[in-house]
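Could you give me a quick briefing on this protein model?

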Amino acid sequence: MLARNFTRIARLSRGFATHAPSTSASLPATLHLKTGQSFVGRSFGAPTSIWGETVFSTSITSYTESMTDPSYRGQILVFTTPLIGNYGVPHNKTPVDHKDVGVVLESERIQCSAVVVADVAEKFSHYTAVESLSSWCARNGVPGITGVDTRAITRLLRDQGTTLGRLAIGADASLAPPRAEEYWDPTTENLVAQVSTKTPYELNPTGDVKIAVLDFGAKANILRSLVRRGAAVTVLPWNFDFNKIRDNYDGLFLSNGPGDPNHCMEAAMHLRRTMQEWDKPIFGICMGHQVIGMAAGLEAYRMTFGNRGHNQPVLALASSGSIKAGRVYVTSQNHQYALKLQDPFPAGWEPFFINCNDSSVEGIKSTAESGKKVWGVQFHPESAGGPLDTIEMFTDFLAECRAHKLHLKIPRSQPMDAAKVVPNLAHPAPQRVAVAA
């Protein structure tokens with residue numbers, strides 16, 4: 001009797017899942033790699049063939065956040081987790097106020113070129129879900145392939161490095177693999193220019209501290225993390241010359257972004273002047289960190305397969321605000337390029353974090369002797385998704401900005417040590433306002 005009741009409960013719970021018929025389930029699909037391998041499966045999402053750079057992510061959850069991350073622009077995203085799509089896709093709209101920035105996910109649309117999964121969920125279940133992964137991809141014009149061995153694909157990419165690819169759908173799937181010269185390399189283009197805002201705009205204009213954000217492809221949770229801590233944020237195009245308006249702001253933030261940082265040399269040159277002539281706090285994440293490094297005199301290089309996932313351990317080499325030297329932090333990452341570790345480091349700079357797996361540079365900071373307050377980290381403190389080990393770096397950064405604004409004295413041995421300055425979050429709900437360039 002007891003076993004029969006449990007069986008009934010199990011069957012009842014399965015009924016709450018929403019069936020998600022694929023929009024192109026009957027179409028064949030083939031993933032071709034430039035190195036000669038091909039993987040045959042079936043398609044879902046948009047019935048469109050595409051080119052791109054094939055990369056893998058080890059993240060177990062948050063496929064919606066990963067797919068809307070602008071840093072995945074131009075990439076065919078392989079998920080190592082076998083089952084993808086089981087909790088569907090949420091409605092992607094929020095108010096624009098002192099708590100939110102207009103979207104639930106990391107941007108308004110899917111940013112990757114295609115997705116590769118071992119098993120796409122035909123049913124989804126979540127209280128916020130409004131559509132399936134397949135229908136969401138179809139609506140955004142993004143193809144996917146399922147029924148392939150993602151373990152084999154991941155091992156290839158891990159051993160031979162990130163590889164150019166072609167996802168062929170429908171009639172294209174039965175064609176011969178493309179010739180090597182036919183593959184398109186997205187890193188030859190300035191992907192940052194494609195995803196960056198074209199015009200400046202403001203968020204939470206009544207905030208008590210004014211922060212300018214150079215948008216290289218900013219994730220929404222970066223902006224959300226700033227406005228929820230009371231900052232008035234002005235988002236600027238990636239190549240905007242901040243020096244023209246820098247005296248109007250209490251701090252500068254450089255966001256994440258896709259592709260090769262060497263396409264952003266114009267921004268690095270503007271930033272070099274800013275760091276030489278301006279003494280207010282500057283903080284950069286991912287691409288922003290690389291731009292800071294290039295402005296400081298470091299060189300960026302292409303990694304074999306990059307770091308993409310939510311479980312990358314980094315070791316803090318120095319203490320700074322909420323960060324304690326000698327502690328290992330688990331971080332969310334998505335990057336193909338990194339800064340070269342060199343000895344000696346440029347004058348006035350020191351390593352801040354190092355990756356525990358591959359010893360790549362995960363952060364840099366200005367030295368206490370330099371008199372500057374500049375930090376850059378390769379990982380994503382805002383996560384979305386991923387761990388929140390380093391989320392308080394946003395609090396530290398804004399505390400420094402408030403301290404500078406109020407002319408508070410902070411010990412140079414502990415930059416970002418003004419975390420006791422508490423932001424006032426009691427603001428009315430402002431509207432998103434465009435500002436002049």
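F394 is buried, at a relative accessible area of 0%; buried means under 20% relative accessible area, exposed over 50% and partly exposed in between, using a 1.4 Å probe and protein chains only. Keep in mind that this is a predicted model, where local features need pLDDT of at least 70, side-chain atom pairs count only at pLDDT 80 or more, and totals for chains, interfaces and linings use all residues. Residues are numbered from 1 along each chain as its sequence is written, and side-chain values use heavy atoms, with hydrogens and water left out.

**Aromatic rings**

- Rings of Phe, Tyr and Trp (its six-membered ring) pair if their centres lie within 6.5 Å; planes under 30 degrees apart count as stacked, over 60 as edge-to-face and the rest as tilted.
- By this rule the count comes to 13 aromatic pairs.
- One of them is edge-to-face: F283 and F394 sit 6.3 Å apart, centre to centre, with 70 degrees between the planes.
- F283 lies in strand β18 (residues 282-285) and F394 in helix α9, so this pair ties together parts that are 111 residues apart in sequence. Helices (H or I, at least four residues) and strands (E, at least two) are DSSP runs, numbered from the N terminus.
- F283 counts as buried too, at 0% relative accessibility.
- F283 also pairs with F397, and this pair is tilted: 5.7 Å centre to centre, 45 degrees between the planes.
- Again strand β18 (F283) meets helix α9 (F397), so the pair ties together parts that are 114 residues apart in sequence.
- F397 is buried as well, with a relative accessible area of 0%.

**Charges over rings**

- A charge sits over a ring if NZ of Lys or CZ of Arg is within 6 Å of the ring centre and within 35 degrees of the ring normal.
- R166 does this with W51, lying over the ring's face at 4.4 Å from the ring centre.
- K210 has its charged end over the ring of Y249, 5.2 Å from the centre.

**Cavities**

- On a 1 Å grid over the protein atoms alone, a cavity is a set of points where a 1.4 Å probe fits but cannot get out, and lining residues have an atom within 4 Å of a point.
- Grid points are joined across faces, edges and corners, and a volume is the space filled by probe spheres set on the points.
- The structure holds three cavities of 30 Å³ or more.
- The largest cavity has about 130 Å³ of space. It is lined by 16 residues, and the closest to its centre are G257, P258, G259, H335 and Q336.
- α8 (287-296), β19 (300-316) and β20 are the elements that give two or more residues to the lining of the largest cavity. β20 has the largest share of that lining, with four residues.
- The lining of the largest cavity divides into four nonpolar, nine polar and three charged residues. Here Ala, Val, Leu, Ile, Met, Phe, Trp, Tyr, Cys and Pro count as nonpolar, Asp, Glu, Lys and Arg as charged, and the others, Gly among them, as polar.
- The second largest cavity has about 80 Å³ of space. Its lining has 15 residues, with S66, D69, H310, S332 and N334 nearest its centre.
- For the second largest cavity, the elements giving two or more lining residues are α2 (63-67), β19 and β20. The largest share, three residues, comes from β20.
- The lining of the second largest cavity splits into two nonpolar, 10 polar and three charged residues.

- D343 and P344 are joined by a cis peptide bond, with omega about 5 degrees. P344 is in the loop between β20 (328-339) and β21 (349-355).
- Another cis peptide bond runs from A384 to G385, with omega near -5 degrees. You'll find G385 in the loop between β23 (374-377) and α9 (392-405).
- A384 isn't a glycine, although it has a positive phi of about 60 degrees. A384 lies in the loop between β23 and α9, and is buried at a relative accessible area of 16%.
- S359 has a positive phi too, near 65 degrees, and is a residue other than glycine. S359 lies in the loop between β21 and β22 (361-366), and is partly exposed, with a relative accessible area of 46%.

Methods. On a 1 Å grid over the protein atoms alone, a cavity is a set of points where a 1.4 Å probe fits but cannot get out, and a pocket is an open set with protein on both sides within 12 Å along at least five of seven lines; lining residues have an atom within 4 Å of a point.
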